[in-house]
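Thanks for making time. Please bring the structure up on your screens, and we will walk through it together.

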Amino acid sequence: MNWWAFVLRLLVIAALIPAAAYVLGYTFLKVLAHMQYRLGPMEAGRFHGVGQLLADGLKFLQKEDLVPDKADRPVFLFAPAVVLVGVVLVFMTIPFGPPPLNIVNLDSQLFVMLAASSLGTIGVLMAGWSSANKYSMMGGFRAAGQLLAYELPLILAAVGVVMQAGTLNLDGIVEAQSQFHLFGTAIPIPYVIPQIIGFVVFVIASQAELSQAPFDMPFAESELVAGFTTEYSGFRYLFFFLAEFASNFAFAAIGATLFLGGYWVPLVPEKALWIVGPIALAVKIGVLVFIFFWMRSTYPRLREDQLQRFAWKWLIPIALVNIGLTGVLKVVA
Amino acid sequence: MTSVQSHLSASFAAHLADAQVAVEIETPEMTLNIGPQHPSTHGVFRLIAKVDGERVTEVEPVLGYMHRGYEKLCEVRTYAQVTALVNRLDWLSGYCNEIPFILSAEKLMGIEAPPRVQYIRTILSELARQATFLVFLGSFGIELGALTPFFHTMRDREKVLDLLESVTGGRFHPNFNRVGGILDDLPPGFVEECAAVMDDVDKMCDQVDALLFGNDIFRERTLGVGVIPLDKGLEYGVSGANIRASGCAADVRRDEPYLVYDEVDFDVVTDTRGDAFARAYCRLQETRESTRIVRQCLKALPSGPIMAKVPKVIQVPPGEVYVRAENPLGEMGYYLVSRGGRIPYRVKVRTASFNNVSVLPWLLEGVFMPDLIAILGSLYFILGDVDR
C-alpha cells in the first residue's frame, strides 16, 4: 500500500469520527426527546435544531480548561486522548465497503478491532483516578469492573460468527454472509438469523461496554454526579463526549458487520457495492444505534453487583452454549 | 552489631511487618459528602457517609440548610397571612399544608365551613396529592436511572396543576383558604374538566405500573431494599405511605376523618413488605384511590355559600388545639396556641418529612451506594418539609 494512500485514509477517518459522532449525537437528542414527549433541540441551525451540537461544541471550546489542584496533572490531561485514540483504532478496522474501501486488511482484523475497542477502559480508569475526586474515582472503578466483565460475552458472541464464517478477517466474514444459504434459501441471509443468540448477547454486552442505561453505573448521575467526567470541562469534556458517540457508532459498525452483513446487500451486483455498500452499512448502523438508544431511554439502571451477576451467570453461559451449538451445527451441516 | 542496634532493627522490622499487614487487611474508610448540592437529595440536604468501597458503613444526615424559621414567623402574622407561609413547607403539595392550619383556627373559633367548601377543599387536597405523587413516580424512576417516565408523569401533573390554577390562581402556592371558607367558587366547566383529567391520571398510573413497576430491573433494584420493619417505623414516627408499606393501616383520613373523608369511599392501601418497592407501589395505588375520591366528590358536590359567617377581623379566642391531616408525604399536624387576638401565640408544625428522615441513619447502615439513592428516593421527603 502506498504511504500517501494510507495517510489519506487516516485523514478520512479523522474527519469521519466527528461527523459520525455529530450525526449520532443529534439522533440521540432527537430520539430521546421524542420518546420522552419532548421536541428536543429546535432552534439552533434553523431546521429542527440541527446546529445544536455545533453550538454546544463551540461552547465547550470557549470554556476554561480546568484542572483540579490535587489532580495528577499529566494523567488527567492525557486521559481524554487515550479514550479517543481507542475509538480511532476501532474506526480504522471497520470495512466500509469492498476491499479498497477498508483502511486495513488484516487476517486477525476482528481480534484487533475488539482489542482496540477495550483500550478506552484505560483512559477511563486514568480519568477516574487522576481527578482527585471521590465520585470520579468510584465512577472510574465501576467503569473498569464493568468493561472487564462485559468484554468476555462480547468476544464470545463474536466467536460464534467467526466459527461460522471460518475467518477473523472482516471482509471474509461479510463475504461468508453473502454466500450463506440457511436450509437452501434462494437469497443468502445474514448471520443475525442463525446467530440470533449471539446477536442478542452482543447487543446487550455492547450496551454495557458503551456504559449506557441499563448499564450506566459509571456515570449514574443520580449517584455519582457525572462519574469519571465530573471534573472535566472545556474541550477535554468534549473529547469524552465525542468518544461516547463515536464508540456508539463503532460498536454498531462491529455489530452490523458481524451480524447484519456489513456493507453487503442481497441481490445487488458486486460492482454496485462500491456505492451501495457504505450506504447500506450506514443504514444498518443506524438500526443498531436506534436499538441502543431505545434501550437507553427505556430501562432503569442495574446495581453494580447485579450487573456482574448478569454478565457471569447469564450472558457468558449463554454465549458459551451458542458457541457449542454453532460448532455442532457446523459439523452436522 | 551491638545489641542496641540489633534490638532497634528488630523492632523496626516488626513495625514494618505490622505496617504491611495493616496495608493488606484494612481498606481505609472513605468519607463521602453526599450533598448539600447533589442531584438526588431533592434540595439542600447533606449526608455524611462513611463508605467502604461501594458499601455504606455509617450515615449522618445533616439538616437545617433550608431552615427559614416559619414557626417563629407565624407568631407575627395574622391568621390570614399564615396560610401564605405554610404553603411553602412541603412545596409540592402546598394546598394540603393549609388545610390543618385553617381547620385548627376554625376549631378554636367554633366555626364550621359550609358543606360546599368542605367538598371543594377535599377535591383540591386530593389534586395536590396527585400532583405530588406524579412527581414521585417520575423522579423515583430518575433515581434508578430511568429517565423517560419522568417526562410522562410531569406531562399529566401539568394537567392537574392547570386544574388547581384554574380554581386558585396558584400552581404551587395557592393560598386559597380563608378561616371559615375559601376565596372563590369553582370556575365554570371545572367539574367536566376535572373528570377528564382524572381519567388521564388513571391512565398514567396504568402506564407507570406497566413501564416501571413491571420492569424486572426496577423490581430487582427495589424489592427487599431498605426494609423498614413495622416496629422500627413506629419507633421513629414514620408516617404516610412509608409506614403503610410496612403493614400499618394508619391513615388520618380514615382514623380521624376531617373535611368530607367520612362521606367518600376509599381504601387505605397497605403492604407488608416494607421495602422501597412497597413504598413506591403504595403511592401509585394511593394516586388511584385519590382519583376515586375526587370523582365521588365531583358527583356529590353540593351547592351553597363558600364562606361561613365570620367576623370582619379574625380573632381567635384563647385556647390550644392540635389538628392533624394526612398529607401526601405523611401525617402533618399543627399545634396552635392562641392567647386571643389576631395573631397566633405559638404554632408548632409536625411535618411528615422530618420524622421520615429520622429513620435514615438506622436504615442506611450497611447498604450499597446505589441502594442508598433508591432508599432516599423511596422515602420521598421534601426539604422544605424537613427544615421548615
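Let me start inside a sheet. Tyr334(B) has Val349(B) as its bridge partner, and Val349(B) sits in strand 8 of chain B. Keep in mind that this is a predicted model. The scores are ipTM 0.74 and pTM 0.81. For chain B, mean pLDDT is 84. In that chain, 92% of residues reach 70 or more.

Back to that pair. Strand 8 of chain B covers residues 346-350, and five bridges join it to strand 7 of chain B. The two run antiparallel. Now look at strand 7 of chain B from its other partner. Strand 6 of chain B, residues 319-327, pairs with strand 7 of chain B over nine bridges, again in the antiparallel sense. Two examples of residues facing each other there. Tyr322(B) stands opposite Tyr335(B). Val321(B) has Leu336(B) as its bridge partner.

How many residues of strand 7 of chain B are buried? Seven of its nine, across residues 330-338, so I take the cut-off from the burial rule: 20 or more other C-beta atoms within 10 Å. Strand 7 of chain B is mostly covered.

A word on the background. Strands of a sheet pair through backbone hydrogen bonds, either parallel or antiparallel.

Chain B has another open sheet to show you. This one has three strands in the order 1-2-3, with antiparallel pairing. Strand 1 and strand 3 of chain B, the latter at 55-62, stand at the edges. Each has a single partner strand, so one side of each lacks a neighbour in the sheet. The twist here averages 20° from one strand to the next. Between strand 1 of chain B and strand 2 of chain B, residues 46-52, there are five bridges, and the two run antiparallel. In that pairing, Leu32(B) stands opposite Ala49(B) in strand 2 of chain B.

Strand 1 of chain B leads us to the partner chain. The contact takes 27 residues from chain B and 22 residues from chain A. Which elements of chain B supply at least two residues each to the side that touches chain A? Strand 1 (30-34) is one of them, and the helices include helix 5 (115-143), helix 6 (148-168), helix 8 (216-222) and helix 15 (369-379) of chain B. By class, that side of chain B has 14 nonpolar, seven polar and six charged residues.

Now chain A. Its secondary structure comes to 12 helices and zero strands. How does its radius of gyration sit against a compact globule? With 333 residues, such a globule would have a value near 20 Å, and chain A has 20 Å, so the two agree. Along its principal axes, the C-alpha trace of chain A spans about 65 × 45 × 45 Å. Of its 333 residues, 47% count as buried. Take the contacts in chain A with a separation of 6 or more: residues 24 or more positions apart account for 77% of them.

Where is Asp65(A)? It is found in the loop between helix 2 (52-62) and helix 3 (73-93) of chain A. Asp65(A) is partly exposed, because 13 other C-beta atoms lie within 10 Å. Leaving aside neighbours within four places in sequence, Asp65(A) is in contact with Ser233(A), Gly234(A), Phe235(A) and Arg236(A). Phe240(A) is 175 residues away from Asp65(A) along the chain, and their C-alpha atoms are separated by 14 Å.

Terms used: Residues numbered from 1 in each chain as written. Chains lettered and ligands numbered in written order. Predicted model: local features only at pLDDT ≥ 70, side-chain atom pairs only at ≥ 80, totals over all residues. Contact = placed C-beta atoms within 7 Å. Helix = DSSP H or I, 4+ residues; strand = E, 2+ residues; numbered from the N terminus. Nonpolar A, V, L, I, M, F, W, Y, C, P; charged D, E, K, R; others polar. Pairing = 2+ DSSP bridges. Axes fitted to C-alpha atoms, helices over the stretch in contact; angles between N-to-C directions. pLDDT = per-residue confidence, 0-100. Rg over C-alpha atoms; globule rule 2.2 N^0.38 Å. Buried ≥ 20, exposed ≤ 12 C-beta atoms within 10 Å, placed from the backbone.
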